[in-house]
Amino acid sequence: MAIAKAERLMNLALCLLGTRRPLSKRELRASIEAYLEAFGPGHAAGSGPGRTAAPGGDGTGNGSDDAFNRMFERDKDDLRELGLIIETVESVDGETGYLARRDSNRLPPVTLDVEEAAALGLAAKVWQQARLAGAASGALQKLRAAGMPLAEDPYEGHMALEPRIPVHEAAFEPLMLAARDRRPVVFDYRKANAAHPEQRHVEPWTLECWRGHWYLAGWDRDRGAERVFRLSRITGRVRSRGIPFTAPVPDHVTVRGTVESWAGETATGTARIKVRAGHGYPLRARALSALDLGDGWDELEIPYGHGLDAWLVEFGPDVIVLEPAELRADVLDRLRAVAKG
């Protein structure tokens, strides 16, 4: 089935690209073998002396015409989704025709220099997630075939660390596709201080990665407000809905700032914590001051913002919050929720 559809789309694209004048649905139906085999030449094309009408419920081919029209519209939309620019032209006799002009569907020459090609190659290495890894590799192959210069990696074989963005959450791919296609989603979400998940209806805007964790920013329909969700707390399957967004999508920079704030990157104060000696190196890197307590613990002063409690919980018994009191209470609530399962 997939091969047959791909062949049908290819033939339709070739017809639209190869014509110098707009072709009507009737002409395309009679020119493409897959349409002929499935629906016949059509009522308009098949009527007349010595011709047999296409099969239909009343012998006129109307049922077949309707089925062809639906398939043709789907095929046309699929080609446009793939990037083919299809023009719709109205003829003098009122008949609608279609064509894809070659000059409108021709990409300009690729003019990347060696440094730009190296940057693209490095970016393609970043993704480990299967779908994006394949897309990145395919894009590089097409660019190289179009003349992009090959760039040698000066650090290949000498780097101790390789750039990678891990994506382990099953929710990543359906949320990425839903955000791209502007489709609302439904999923079960367990807050850090909750024992059981609850259902959320969200209009997804973008996915952002902070401190190795993926976050979804979007519009929470139930709460009527902007919200950020950590993908690792989404349970079960993400279901998409074929209904439009109700809230405007903000600028990407604004959304990044929101995720940054929710992920604890924007500090509004300071906190004092105890960290076991030899542990908590990410916290030590952010510390404003450090004091050796001499008993196997160090006292750190670190920036305090929204989401810090969720980060501190990840260090388990190696971190103790001293102040502020509300941060200590939030961390304890989260630990109790984890202990309850």
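Predicted model: local features only at pLDDT ≥ 70, side-chain atom pairs only at ≥ 80, totals over all residues.

Student: How many bridges join β9 to β12?
Tutor: Four bridges join them. Strand β9 covers residues 267-276, and the two strands run antiparallel.

Student: Which residue in β12 does I273 stand opposite?
Tutor: V321.

Student: What is the strand order in that open sheet?
Tutor: The order is β10-β11-β9-β12. Those four strands pair in antiparallel fashion.

Student: Which strands stand at the edges, and why is one side of each left without a neighbour?
Tutor: β10 (289-292) and β12 (319-323) are the edge strands.

Student: What does the twist average from one strand to the next?
Tutor: It averages 30°.

Student: On to the helix. Which strands does α12 lie across?
Tutor: Helix α12, residues 325-340, lies across β9, β11 (297-305) and β12. It runs at about 150° to β12.

Student: Zooming out, how many helices and strands are in the protein chain?
Tutor: Twelve helices and twelve strands.

Student: What share of the residues count as buried?
Tutor: 35% of the 341 residues, taking buried as under 20% relative accessible area.

Student: And what about the accessible surface?
Tutor: It comes to about 20,100 Å² for the protein chain. Carbon and sulfur atoms account for 54% of that.

Definitions and conventions. Residues numbered from 1 in each chain as written. Heavy atoms only, no water. Buried < 20%, exposed > 50% of the residue type's maximum accessible area, 1.4 Å probe, protein only. Areas by Shrake-Rupley, 256 points an atom, 1.4 Å probe, with all protein chains shown as cover. Pairing = 2+ DSSP bridges. Axes fitted to C-alpha atoms, helices over the stretch in contact; angles between N-to-C directions. Contact = heavy atoms within 4.5 Å.
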